[in-house]
Amino acid sequence: LLMVSKNFEQTIPFREIRDSSGNPIFDVNGNPIWLPLVTVTIIAPIGSRISLSLYFDTGASVTTLRSEFYPLLGLRSWNEGVRRQTSTGSDTIDVYQYTISMEVFGKTIECPIYLNNRMPAHPFFSGLLGRETIYKEFGFGFWEKIHELYVTPNP
Amino acid sequence: MTINISNTQNPQGIISSVSIGSISPEDVLDLLGKGGIEYYITVEGDLMFKYWQIYENFVPKEQAAILRTGQPVPEQVDRLEWLSNNLDNIRRDHSGHWIAILNNEVVASAVTLPDLLTQIAKYDNPFITFIPVESVVWDFTFAYGIQKF
């Protein structure tokens with residue numbers, strides 16, 4: 001039998017969230033909160049490059065940014081794209097879909113993106129990195145115990 | 001049929017057993033399952049599995065801390081690290097503002113994103129984020145199955 005090994009070329013450490021005193025913040029089960037945050041570079045229509053942090057969310061079908069980011073995409077308003085509906089924890093809401101160029105994990109890809117006006121602001125991440133396109137372009141491995149995400153651009 | 005017990009801990013050893021016809025594919029899958037090794041058979045008949053090779057207790061924890069300190073930190077991690085370490089000061093100075101970070105420094109701050117984008121047009125690839133006025137609420141039910149803390 002021919003055996004092929006798949007290697008992960010990149011390691012993305014999760015980020016432990018701490019309060020202003022430097023103490024860990026705990027979830028409802030008493031475990032420290034570690035977030036899989038990924039920095040991506042958005043290539044604006046005028047060619048400039050801007051980096052953002054996104055939450056690597058396996059439950060998100062499409063990469064999503066808060067609606068306030070519409071100027072970064074060269075838009076005049078957040079809701080001029082293709083209207084879609086998506087489910088949140090307890091609701092179904094309208095989002096608007098666009099296509100962006102994005103550098104992530106060492107590759108430049110064209111990726112669908114939703115703008116969502118129901119997503120609260122957070123200093124550590126500006127949106128969610130979802131499955132669409134991302135899962136086709138990369139292979140992923142999680143090691144929850146040691147809080148690391150592994151990535152290969154050659155799945 | 002004789003299977004070396006060590007093979008039950010080594011997926012590659014198990015697969016090698018199949019290559020010489022010593023055990024059936026069904027037995028291989030059974031062994032993988034008993035070993036807690038996740039596997040998947042593709043429609044083409046390929047067997048995919050993943051496993052980690054771990055050298056436990058490679059170094060004491062104290063030494064691990066030292067070795068990990070010396071590890072190069074990817075730039076993207078470094079930016080978040082700096083933001084995290086300086087968040088109190090940044091919130092004090094820039095609450096309610098969009099900020100841009102470059103080379104471990106806030107290089108621009110603005111009330112609106114268009115204003116910030118104008119200010120940072122001269123920089124290549126700054127990191128931007130918004131610093132909310134209100135305290136961060138760790139409740140992620142806003143979208144798409146993010147768990148609630």
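Let us start at a strand pairing: A:Trp143 stands opposite A:Glu148 in strand E12 of chain A. This is a predicted model, in which local features need pLDDT of at least 70 and side-chain atom pairs count only at pLDDT 80 or more, while totals for chains, interfaces and linings use all residues. Residues are numbered from 1 along each chain as its sequence is written, chains are lettered from A and ligands numbered from 1 in the order in which they are written, and side-chain values use heavy atoms, with hydrogens and water left out.

E12 (residues 148-152) runs antiparallel to E11, and five bridges join the two; strands pair if DSSP finds at least two bridges between them. Four residues separate the strands of this hairpin, where A:His147 takes a positive phi near 60°.

Stepping back, chain A holds one helix and twelve strands, arranged along the sequence as β-β-β-β-β-β-β-β-β-β-α-β-β. These elements are DSSP runs numbered from the N terminus, with at least four residues for helices (H or I) and at least two for strands (E). Of the 155 residues, 50% count as buried (buried is under 20% relative accessible area, exposed over 50%, partly exposed in between, with a 1.4 Å probe and protein chains only).

Now for the aromatic rings. A search of the whole structure finds nine aromatic pairs over all chains. Rings of Phe, Tyr and Trp (its six-membered ring) pair if their centres lie within 6.5 Å, and planes under 30 degrees apart count as stacked, over 60 as edge-to-face and the rest as tilted. A:Tyr55 and A:Phe125 are edge-to-face, because their ring centres are 5.5 Å apart and their planes meet at 65°. A:Tyr55 sits in strand E5 (residues 49-56) and A:Phe125 in the loop between strands E9 (107-116) and E10 (127-129), so this pair ties together parts that are 70 residues apart in sequence. Both partners are out of the solvent's way: A:Tyr55 is buried at 6% relative accessible area, and A:Phe125 is buried at 2%.

A second pair, A:Phe56 with A:Phe140, is tilted, with 4.7 Å from centre to centre and 55° between the planes. A:Phe56 in E5 and A:Phe140 in E11 (residues 139-143) are 84 residues apart, so the pair links distant parts of the chain. A:Phe56 is buried too, at 4% relative accessibility.

Ring pairs also join A:Phe56 and A:Phe140 with A:Phe105, A:Tyr135 and A:Phe138 in a cluster.
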